Amino acid sequence: MRAQFVLSEIGVGLRRNLTMTFAVIVSVALSLALFGGALLMRDQASEMKSFWYDKVNISIYFCNKNDAETGVPQCGKGAVTADQKKQVETDLKKMDVVESVFYEDADQAFKHYKEQFGDTAMANVITPDQMQESFRVKLKDPQKYKVVATAFAGRDGVQSVEDQRSILDQLFELMDGMNIAALFLMGLMLVIALMLIVNTVRVSAFSRRRETGIMRLVGASSFYIQAPFIMEAAVAGLIGGAFACVLLVVGRYFLIDHGLALADKMELVQFIGWDAVLTKLPLVLAISLLMPALAAFFALRKYLKV
Amino acid sequence: MIRFDNVSKSYPKQNRPALRDVSLEVEKGEFVFLVGSSGSGKSTFLRLLLREERASQGQVHVLGKDLARLSNWKVPQMRRQLGCVFQDFRLLPNKTVAENVAFAQEVIGKPRGEIRKAVPQVLDLVGLGGKEDRMPGELSGGEQQRVAIARAFVNRPMLLIADEPTGNLDPQTSVGIMKLLDRINRTGTTVVMATHDQQIVDQMRKRVIELEKGRLVRDQSRGVYGYQH
């Protein structure tokens, strides 16, 4: 088979169907950009999960003087004593599920609070003795939160046991939801893209039935007859895939680094790096090449007699 | 070259079969006219030869191969040994004469050097030397049919199938085409030609096979178009 002959046939075919080709390119680009976006969102979620889950799992807050005075029910017996704290610590260290424990006193808590909220009105009226002392507990298996919570909640001097993951989980649920929505939209766009490809192939098979009829009669192999159609779809798909890649790269650039610049606005969030984006691109390109080619192949079985 | 053994062909949704129990044999190098009124089964006969259709019953052998047993992917290989000419020429309007002929070689992957040599040669043979760069639209009907014959013959097929090749041409031009087909036949190529042209059949005095309502009703060497009792 002569490459030049085949290439010129592809060029002719794509130009003949310019509007259809354009529609295929746009729909492939959008569906694959959504696909890549969904993959990146998943990466982002797991990145944040590991970042936050690593930091802390459970906080055991102790009663301070303030709690006792304002009548927080768990703190009826007054502020926590050194003995009570010691007892909690030794009990924690005895538990199998606990990996590490560190202590945060009121001054540290105050400092962290200041760092986080800075010069807001609320932060300015807070004093160090209003902050609670706490144990930050890291678990080997974060799912075992209940074991620790039941062991320490309600103890003398313990104000509350908080699973900090539960706050994060709401965020992750939101991200999961967005992920599913993106995938659903992607599925829809993909169906549209496939239908467009099938239709394009049908139209171009019809408009070239004279050529293909002659090819058939002089004994061209079915692969030879079908190849230009399949390559046409693959080329259009690949162009769409390239656009999808550009969308992903530009998307990360504007969302995270510049434009919206989320990285500056949300310093606490660990964002995915360029490597996460770049590793998705080959996959997107491969799909953009193979999916239209396969769709064209199956469309040809129906619309092109060989 | 061609052998039909009790071949029948019926199409779905048609109660009368297009071919009924046809048996015949065509030897290498023969020239055969296929005659019969419209709907007599001529086209079906030719379609079976090209394996565009498969026989419902019986066996069709072409070039020593049982077409019923030929797997689909081997059909192109078989068709490379056949040439086809049609009433409506079937040329590619956006390609020149030479490109049209070369197309038949390009699609089966002949090397370019060979194509460059073979195309002018076959165009000379059909009497179109010097018109390589003309477009089909600029040629007369007879010349277009010559291009089609050149394309069918450029790969030197064993068997040339012609479906009313003179159907669109005036009598004088038709004679020229028939002379050309006769010349191709003399190179050893078997020719099977379906036709309605009484004059041509009567003049050529070749073997005549007549179909009527799907049945073989006459097989006569050196025959004429109509019945002779």
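This is a predicted model: local features need pLDDT of at least 70, side-chain atom pairs count only at pLDDT 80 or more; totals for chains, interfaces and linings use all residues.
Let me start with chain B. Chain B has 7 helices and 10 strands. Of its 229 residues, 43% are buried. Take the contacts in chain B between residues at least 6 apart in sequence: 67% of them join residues at least 24 apart.

Now the sheet in chain B. What is the strand order? Reading across, it goes β6-β7-β8-β3-β9-β10. That is an open sheet of 6 strands, and the pairing is mixed. At the edges sit β6, residues 82-86, and β10, residues 215-220, of chain B. Each of these two pairs on one side only. From one strand to the next, the twist averages 15°.

Look inside that sheet at one pair. Strand β3 of chain B covers residues 31-35, and strand β9 of chain B covers residues 207-212. They run parallel, joined by 4 bridges. For a landmark, pick B:Val35: its bridge partner in β9(B) is B:Glu210.

Next, a helix against the sheet. Helix α5 of chain B, residues 141-153, lies across β6 and β7 of chain B. The strand β7 here is 159-163. Against β6(B), the helix runs at about 165°.

In soluble globular proteins, nonpolar side chains tend to be buried together. In this model, the largest nonpolar core has 72 residues. Which residues have the most contacts inside it? They are B:Val101 and B:Ala150. Leaving out residues up to four places away in sequence, B:Ala150 touches B:Val101, B:Val122, B:Leu123, B:Val126 and B:Leu128.

One is B:Asn6, in strand β1, residues 2-9. Its phi is near 45°, a positive value in a residue other than glycine. Is B:Asn6 buried or exposed? Exposed, because B:Asn6 has 12 C-beta neighbours inside 10 Å, and 12 or fewer is the cut-off.

The other is B:Arg156. Its phi is near 50°, again positive in a residue other than glycine. B:Arg156 lies in the loop between α5 and β7 of chain B. It counts as partly exposed because 14 other C-beta atoms lie within 10 Å.

Over to chain A, and its strands. Strands of a sheet pair through backbone hydrogen bonds, either parallel or antiparallel. Begin with strand β1 of chain A, residues 58-62. Why call it largely enclosed by the rest of the structure? Because 4 of its 5 residues are buried.

Strand β1(A) has these pairings. With strand β4 of chain A, residues 158-163, it runs antiparallel over 5 bridges. There, A:Phe62 stands opposite A:Val158. With strand β3 of chain A, residues 134-139, β1(A) is also antiparallel, over 4 bridges. On that side, A:Tyr61 has A:Ser134 as its bridge partner. A:Ile60 stands opposite A:Phe135.

Strand β3(A) pairs with strand β2 of chain A as well, which is residues 98-104. That pairing is antiparallel, over 6 bridges. In it, A:Glu104 stands opposite A:Ser134.

Where does α10(A) bend? At A:Pro228, by about 30°.

To recap. Chain B has an open, mixed sheet of 6 strands, with α5(B) lying across β6 and β7. Chain A has a largely enclosed strand, β1(A), and a helix, α10(A), that bends at A:Pro228.

Key. Residues are numbered from 1 along each chain as its sequence is written. Chains are lettered from A and ligands numbered from 1 in the order in which they are written. Two strands pair if DSSP finds at least two bridges between them. Axes are lines fitted to C-alpha atoms, for helices over the stretch in contact, and angles run from 0 to 180 degrees between N-to-C directions. Two residues are in contact if their C-beta atoms, placed from the backbone, lie within 7 Å. A residue is buried if 20 or more other C-beta atoms lie within 10 Å of its own, exposed if 12 or fewer, and partly exposed in between; C-beta atoms are placed from the backbone. The bend at a residue is the angle between axes fitted to the seven residues ending there and the seven starting there. A nonpolar core is a set of buried Ala, Val, Leu, Ile, Met, Phe, Trp, Tyr and Cys residues joined through C-beta atoms within 7 Å.
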